[in-house]
Amino acid sequence: MANKTNKTNKTDRTNKPAADKSAGAYPRVIAIDADGKAARVRAERLEIELGDGRKLLLAFPEKAWGDLEIEAEADDENAVPMLSLQPGACNLMTLRVDVHHDLSFVEPLALPAGEHSPVLKLQVQKAVEGEDKANCPKKNHIRRWATAALRASAQVTVRLVGEAEGRALNRDYRGKDYATNVLTFAYAEGEALPGLPEAAGDVPLAGDLVLCVPVVVREAAAQGKTLEAHFAHLVVHGMLHLQGYDHENETEAAEMEALETLILRELGYANP
């Protein structure tokens, strides 16, 4: 009986990967050290520090068939991290992270559609704590949403705030004494909100998006949306405002809403 029990346990261990796969336990991360020893890591995101202020971020998909997101970051907020790929073999590529200083944006060239992509220089500020901080979207998600709505190269700060700051900004700049979901501030050369980075004079488009996290959380629950989908909608909405779209009349509103719906559909979200 004892031998039979041991054999059964061994079989269970042997079949565990198959059981994990059927239970949706993928993707998994296997970390291997210099001696070839492997350790399994449960993670949805890896941060790899490369030295010299360089960092590589890997965001894993929720499902085994999803996309792997790779993002480079730099410690210096004024530097621009750049990714480059060097093919080494049919099944091997080298990923390199470089940090560029004094990199200036230029006016988009008049190239045919599809041959030029605008560049987004993004900074994310989380001025929240506790539950509000836990509800904040990830920077790589914010970048993906903002880039999808980008029509020209831009420098954008996305600031995630609590109710008090959201209300103060809405009152001081719009004369409305309550916290709203998203505020958009577009700048002329050199302008900026107090406490936020100065707008770069050599960037065609510069501005800030301020998202009030507790308001967004309440709205998502009330509207029966996922928090991610609602944040995505508001980032896209704010980015379009930053680029001159508005909804002051029915014609403008219809045009802006149609564009929002199209962008969100391309991102994989339902009509907001």
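**Exercise 1.** Leaving aside neighbours within four places in sequence, which residues is His247 in contact with?

Solution. The model is predicted.
Step 1: Locate the residue. His247 sits in the loop between α7 and α8 (250-267).
Step 2: List the partners. With neighbours within four places in sequence left aside, His247 is in contact with His237, His241, Glu252, Ala253 and Met256.
Step 3: Look at the side chains. Those of His247 and His241 are joined by a polar contact of 3.1 Å.

**Exercise 2.** Find what the UniProt record says about this region, and decide whether His237 and His247 are buried or partly exposed.

Solution. 
Step 1: Under "binding site", an unreviewed UniProt entry lists His237, His241 and His247.
Step 2: Apart from neighbours within four places in sequence, its contacts are Val182, His247, Met256 and Glu260.
Step 3: Apply the cut-off: buried means under 20% relative accessible area. His237 has 17% relative accessibility, so His237 counts as buried.
Step 4: His247 has 37% relative accessibility and therefore counts as partly exposed.

**Exercise 3.** Describe the salt bridge between Glu163 and Arg218.

Solution. 
Step 1: Side chains of opposite charge can pair when their charged atoms come close.
Step 2: Give the distance. The side chains of Glu163 and Arg218 meet in a salt bridge at 3.0 Å, N to O.
Step 3: Glu163 is partly exposed, with a relative accessible area of 34%, and Arg218 is partly exposed at 46%.

**Exercise 4.** Identify the salt-bridge network that includes Arg171, and describe its link to Asp172.

Solution. 
Step 1: The network of salt bridges links Arg167, Arg171, Asp172 and Asp177.
Step 2: Within the bridge between Arg171 and Asp172, the closest N and O atoms are 3.5 Å apart.
Step 3: Arg171 counts as partly exposed at 39% relative accessibility, whereas Asp172 is exposed, with a relative accessible area of 53%.
Step 4: Turn to another bridge: Glu47 and Lys55 meet through their side chains at 3.7 Å, N to O. Lys55, at 19% relative accessibility, counts as buried.

**Exercise 5.** How many helices, strands and salt bridges are there?

Solution. 
Step 1: The chain has eight helices and eleven strands.
Step 2: The structure holds seven salt bridges.
Step 3: For the chain as a whole, buried residues make up 33% of the 272 residues.

Technical notes:
Residues are numbered from 1 along each chain as its sequence is written. This is a predicted model: local features need pLDDT of at least 70, side-chain atom pairs count only at pLDDT 80 or more; totals for chains, interfaces and linings use all residues. Side-chain values use heavy atoms; hydrogens and water are left out. Helices (H or I, at least four residues) and strands (E, at least two) are DSSP runs, numbered from the N terminus. Buried means under 20% relative accessible area, exposed over 50%, partly exposed in between (1.4 Å probe, protein chains only). A salt bridge is a side-chain nitrogen of Lys or Arg within 4 Å of a carboxyl oxygen of Asp or Glu. UniProt positions are given in the numbering used here, feature names are shortened, and annotations may be inferred rather than shown by experiment. Contact means heavy atoms within 4.5 Å. A polar contact is a pair of N or O atoms within 3.5 Å; within protein, one must be able to donate a hydrogen and the other to accept it, and residues adjacent in sequence count only if both atoms are side-chain atoms.
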